Amino acid sequence: MMDSLLKRLKPFIKENLEKDKDKYPSSYNRIVTDLSENIIVSDVSFGTLTTLSNYTNGKYMMTINDLYNMFEQ
């Protein structure tokens, strides 16, 4: 079975997300829940993916490829 998207999230994105978990607990919880419950990027809400892209230090913007590239294969 394939790992959840949370486990496949690129390490630097996960580190940035973890740094803000106390500052933005609702967003953090929504993102973690959505990613831990899904293995396919297209099953994650667009809102979760757009919020998550804020933690990429500008490396991944909002192209379809970027949304997929935030995760390890």
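In which helix does Arg30 lie? Arg30 lies in helix α3, where helices are DSSP runs of H or I with at least four residues, and strands are runs of E with at least two, numbered from the N terminus. The model is a predicted one, in which local features need pLDDT of at least 70 and side-chain atom pairs count only at pLDDT 80 or more, while totals for chains, interfaces and linings use all residues. Residues are numbered from 1 along each chain as its sequence is written, and side-chain values use heavy atoms, with hydrogens and water left out.

At 35% relative accessibility, Arg30 counts as partly exposed; here buried stands for under 20% relative accessible area, exposed for over 50%, and partly exposed for what lies in between, with a 1.4 Å probe and protein chains only. Leaving aside neighbours within four places in sequence, Arg30 is in contact with Gly47, Thr48 and Thr51, contact being defined as heavy atoms within 4.5 Å. The side chain of Arg30 also makes a polar contact with the side chain of Thr48, at 3.3 Å. A polar contact is a pair of N or O atoms within 3.5 Å; within protein, one must be able to donate a hydrogen and the other to accept it, and residues adjacent in sequence count only if both atoms are side-chain atoms.

Two packed helices are described by the angle between their axes and the distance between the axes. For α3 and α4 the angle is about 120 degrees and the axes are 10 Å apart, the axes being lines fitted to C-alpha atoms, for helices over the stretch in contact, with angles running from 0 to 180 degrees between N-to-C directions. The contact is made by Arg30, Ile31, Asp34 and Leu35 on the α3 side, and by Gly47, Thr48, Thr51 and Leu52 on the α4 side.

Which residues of α3 are buried? They are Tyr28, Ile31, Val32, Asp34 and Leu35. Seen down the axis of α3, these buried residues fall within an arc of 165 degrees, so they line one face of the helix, the arc being that of the directions from the helix axis to the C-beta atoms. They pack against α1, α2 and α4. In α4, the buried residues are Thr48, Leu49, Thr51, Leu52 and Ser53, and these pack against α2, α3 and α5.

**Helix α2**

In α2, which runs over residues 11-19, Ile13, Asn16 and Leu17 are buried. They cover an arc of only 100 degrees around the axis, which puts them on the same side of α2. These buried residues pack against α3 (25-36) and α4 (46-53), whereas the face of α2 turned away from its buried side carries the exposed residues Pro11 and Lys19. Glu18 also lies in α2, and the side chain of Glu18 makes a polar contact with the side chain of Tyr28, at 2.8 Å.

**Residues outside the helices**

Ser4 lies in the segment before α1 (5-8). Not counting residues up to four places away in sequence, Ser4 touches Leu35, Ser36, Asn38 and Ile39.

Thr56 is found in the loop between α4 and α5 (64-69). On the same exclusion of residues up to four places away in sequence, Thr56 touches Phe12, Ile13 and Met70, and the backbone oxygen of Ser53 lies 2.8 Å from a polar atom of the side chain of Thr56. Asn57 also lies in the loop between α4 and α5, and has a positive phi of about 55 degrees although it is not a glycine.

The table gives the accessibility of residues discussed above.

| Residue | Relative accessible area | Class |
|---|---|---|
| Ser4 | 13% | buried |
| Glu18 | 30% | partly exposed |
| Thr56 | 0% | buried |
| Asn57 | 63% | exposed |

Although Ser4 and Thr56 are both buried, their C-alpha atoms are separated by 19 Å, and the two residues are 52 residues apart along the chain.
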